[in-house]
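Hi,

Here is the structure I said I would pass on. Have a look at it first, and then read on for what turned up.

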Amino acid sequence: MSIKFLAAALAGLLAAGSANAAGPISATLQSPLASKSRVVAGGALWACEGTSCVATSAVERTISVASCRELAKAVGALSAFGNGDKVFDAEALAKCNAAARAR
């Protein structure tokens, strides 16, 4: 195989991988947690402490109401959820927090 072919293949893989990444996502809890916690929700590992949860290795599907619900069910109602590209509005947060009330 030629170097050009390998370089093109690697560039394609890197571009495909970055299309699936959502970057860091943060959530703010309405009530603080009693202790540090790690939670898997929406295909990401969340590190939570106090009223803050952060997923640094999130995937694109992590920015969804379903993922938000998973997190809210595990840690309680959220007052904010999103990343630099997408932030949930009041309506999306209400849908998300419905799962927290059901826990």
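A word on terms before the tour: by contact I mean heavy atoms within 4.5 Å. With that, Ala80 touches Ser26, Ala27, Thr28 and Leu93, not counting residues up to four places away in sequence.

Some housekeeping. This is a predicted model, so local features need pLDDT of at least 70 and side-chain atom pairs count only at pLDDT 80 or more, while totals for chains, interfaces and linings use all residues. Residues are numbered from 1 along each chain as its sequence is written, and side-chain values use heavy atoms, with hydrogens and water left out.

pLDDT is the predictor's confidence in each residue, on a scale from 0 to 100. Its mean over the protein is 81, and 78% of the residues reach 70 or more. Where pLDDT is low, the predicted coordinates should not be read in detail.

The overall layout

The protein has three helices and five strands, and from the N terminus on the order is α-β-β-β-β-α-β-α. Helices (H or I, at least four residues) and strands (E, at least two) are DSSP runs, numbered from the N terminus. Of the 103 residues, 31% count as buried. Buried here is under 20% relative accessible area, exposed is over 50%, and partly exposed is in between (1.4 Å probe, protein chains only). Among contacts between residues at least 6 apart in sequence, 54% join residues at least 24 apart.

H2 covers residues 65-75, and its buried residues are Ser67, Cys68, Leu71, Ala72 and Val75. Looking down the axis of H2, these fall within an arc of 135°, so they line one face of the helix; the arc is taken from the directions from the helix axis to the C-beta atoms. What covers them includes strands E1 (25-29), E2 (37-41), E3 (44-49), E4 (52-55) and E5 (78-82), along with helix H3 (90-101). Just after H2, Gly76 takes a positive phi of about 110°.

A nonpolar core, as used here, is a set of buried Ala, Val, Leu, Ile, Met, Phe, Trp, Tyr and Cys residues joined through side-chain atoms within 4.5 Å. The largest one has 23 residues, and those touching the most other members are Trp46, Cys53, Leu71, Val75, Leu78 and Phe81. E1, E2, E3, E4, H2, E5 and H3 each supply at least two residues of this core. Take Leu71: leaving aside neighbours within four places in sequence, Leu71 is in contact with Ala27, Val39, Ala41, Trp46, Cys53, Gly76, Leu78 and Phe81.

Ser67 is a polar residue on H2 worth a click. It is buried, with a relative accessible area of 2%, and its side chain makes a polar contact of 3.1 Å with that of Ser64. (A polar contact is a pair of N or O atoms within 3.5 Å; within protein, one must be able to donate a hydrogen and the other to accept it, and residues adjacent in sequence count only if both atoms are side-chain atoms.) Beyond four places in sequence, Ser67 is in contact with Ala41, Gly42, Arg61 and Thr62.

In the loop between E5 and H3 you will find Asn83, which is buried at 12% relative accessible area. The Asn83 side chain reaches the backbone nitrogen of Asp85 at 2.9 Å. Ser57, in the loop between E4 and H2, is exposed at 60% relative accessibility.

The salt bridge

Side chains of opposite charge can pair when their charged atoms come close. Counting a side-chain nitrogen of Lys or Arg within 4 Å of a carboxyl oxygen of Asp or Glu, there is one salt bridge. Glu91 and Lys95 form it, at 3.7 Å from N to O. Both lie in helix H3, four residues apart, about one turn of the helix. Glu91 is exposed at 54% relative accessibility, whereas Lys95 is partly exposed at 42%.

Cheers
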